[in-house]
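Hi everyone, thanks for coming. Please have a look at the model first.

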Amino acid sequence: MPGRTQTILKILQDNDVKASFFLVGEAVIAHPEETRMIIEAGHEVGNHSFTHRRMVFKSSAFIAAELQKTEAALRSAGAVGPIHFRPPYARKLVVLPYYLWKNDILSITWDIEPENYGWAGKADRDIARHVIDNVKPGSIVLLHVMFKARETSMNAVSDIIQGLKARGFRFVTVSE
C-alpha cells in the first residue's frame, strides 16, 4: 500500500473522481496513515475482512471477528458513516449473508473485473478498452491497483476515467 496509495489518490484527484476502497483490516492496521489519506481525500472506505480468508463454511464467531476488527480499524483511521462489505473472492454462503443481514451491512460485488478476464499482465490500454467497452450505468469496476503486480491496472486508471467521461459517465462512490 505505501507509495501506491499516493499514486492512485493523485490520479483520482487529477481527474476529479471519488472512489470506494475496500480494505483488508490487517493492511489498515499495518498502514493507518495510508487509510487516513484515502479518507481525508474524500473517498469511501469499505470492509474487505481482516485477513482476506474465504468466508464460506466459517463459524459466526469467525465472521464476526473478521468484520468487527476491520470496522474498528477503519473507524480508528477516521471512517464515518456506513461501512459496506466486499466479501473476499465474492464468496458468501449461509452464515455470512445471515450476519450481514442481521447487522444491516450492505454486501458489495462488481460486474467489471478486467484483471480476472485474461487482461492481467496485458497492456494498460487493453485493460482500459475492456472496461470502457463493457461498463453500463450502475457498473462497479474492481481493480487491485494497490499491488505492484497490478501495475498495468494502475496505469489504466486515467484512460478508463477519460474514456468513461467521454461516454458521458460520472463517477460516484458505492454509498452515493
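Let's start with what covers helix 7: its buried residues (buried means under 20% relative accessible area with a 1.4 Å probe, protein chains only) are covered by parts that include helix 1 (4-14) and helix 6 (124-134). This is a predicted model, where local features need pLDDT of at least 70, side-chain atom pairs count only at pLDDT 80 or more, and totals for chains, interfaces and linings use all residues. Residues are numbered from 1 along each chain as its sequence is written, and side-chain values use heavy atoms, with hydrogens and water left out.

Helices here are DSSP runs of H or I, at least four residues, and strands are runs of E, at least two, numbered from the N terminus.

Which residues of helix 7 are buried? They are Ser 153, Met 154, Ala 156, Val 157, Ile 160, Ile 161, Gly 163 and Leu 164. An α-helix has 3.6 residues a turn, so residues three or four places apart point the same way.

Val 157 is also where helix 7 bends, by about 35°, the angle between axes fitted to the seven residues ending there and the seven starting there. After helix 7 comes Gly 168, with a positive phi near 90°.

Now, the pocket. Helix 7 joins helix 1 and strand 1 (20-23) in each giving at least two residues to the lining of the largest pocket. A pocket is an open set of points on a 1 Å grid over the protein atoms alone, with protein on both sides within 12 Å along at least five of seven lines, and lining residues have an atom within 4 Å of a point. Ala 19, Ser 20, Val 141, Leu 142 and Leu 143 lie nearest its centre.

Definitions and conventions. Buried < 20%, exposed > 50% of the residue type's maximum accessible area, 1.4 Å probe, protein only. Contact = heavy atoms within 4.5 Å. 1 Å grid on protein atoms, 1.4 Å probe; cavity = no way out; pocket = protein on both sides within 12 Å on 5 of 7 lines; lining within 4 Å.
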